[in-house]
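Colleague: I am new to this structure and would like a close look at a single part of it. Please take me through the disulfides.

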Amino acid sequence: EVQLVESGGGLVQAGGSLRLSCAASGFTFDDFAIGWFRQAPGKEREGVSCFANSDGSTSYAEAVKGRFTISYDNTQNTVYLQMNNLKPEDTAVYYCAADLFSGSYHGRDCGNGMNYWGKGTLVTVSS
């Protein structure tokens, strides 16, 4: 059974930083995608950043490019999201998600087709 457990959310002032972690277990996929999505109050869930294990490619939403960095530690089966220069509009519940994926994120966004999801961690950015 695939399990994804997020941690690292919290309250931070605008301009601050947080690092989210997502520990993955039960993975038996040779090629997979893993990444971060978020849902702000009253808004639809959106892809933030994703990583493709097949080629190491990454994808970022336009709103976070240059501020957020995704990384994957395959020794720990953990994906991280380093979030710098946080803005109040980054306030949301952040979810880790993963699925089988043998493609690449070059020139594409995360999409919304992941089948495995964590429970989420709340990030609140105060102005």
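Modeller: In this predicted model, the link of C22 and C96 is left-handed, with -80° about the S-S bond. Its two ends come from distant parts of the chain: C22 sits in strand β3 and C96 in strand β9, which covers residues 92-100, and 74 residues separate the two cysteines. The sulfur atoms of C22 and C96 are 2.1 Å apart. Buried means under 20% relative accessible area. C22 has 0% relative accessibility, so C22 counts as buried. C96 counts as buried too, because its relative accessibility is 0%.

The structure holds two disulfides. The other one joins C50 to C110, with an S to S distance of 2.1 Å. This pair also links distant parts of the chain, 60 residues apart: C50 belongs to strand β5 (residues 46-52), while C110 lies in the loop between β9 and β10 (116-117). The link of C50 and C110 is right-handed, with 125° about the S-S bond. Both C50 and C110 are buried. When the bonded cysteines of the protein are numbered in sequence order, the pairing reads 1-3, 2-4.

D30 has a relative accessible area of 69%, so it counts as exposed. The C-alpha atoms of D30 and F101 are separated by 8.9 Å, although the two residues are 71 residues apart along the chain.

Definitions and conventions:
Residues numbered from 1 in each chain as written. Predicted model: local features only at pLDDT ≥ 70, side-chain atom pairs only at ≥ 80, totals over all residues. Heavy atoms only, no water. Buried < 20%, exposed > 50% of the residue type's maximum accessible area, 1.4 Å probe, protein only. Disulfide = S-S within 2.5 Å. Helix = DSSP H or I, 4+ residues; strand = E, 2+ residues; numbered from the N terminus.
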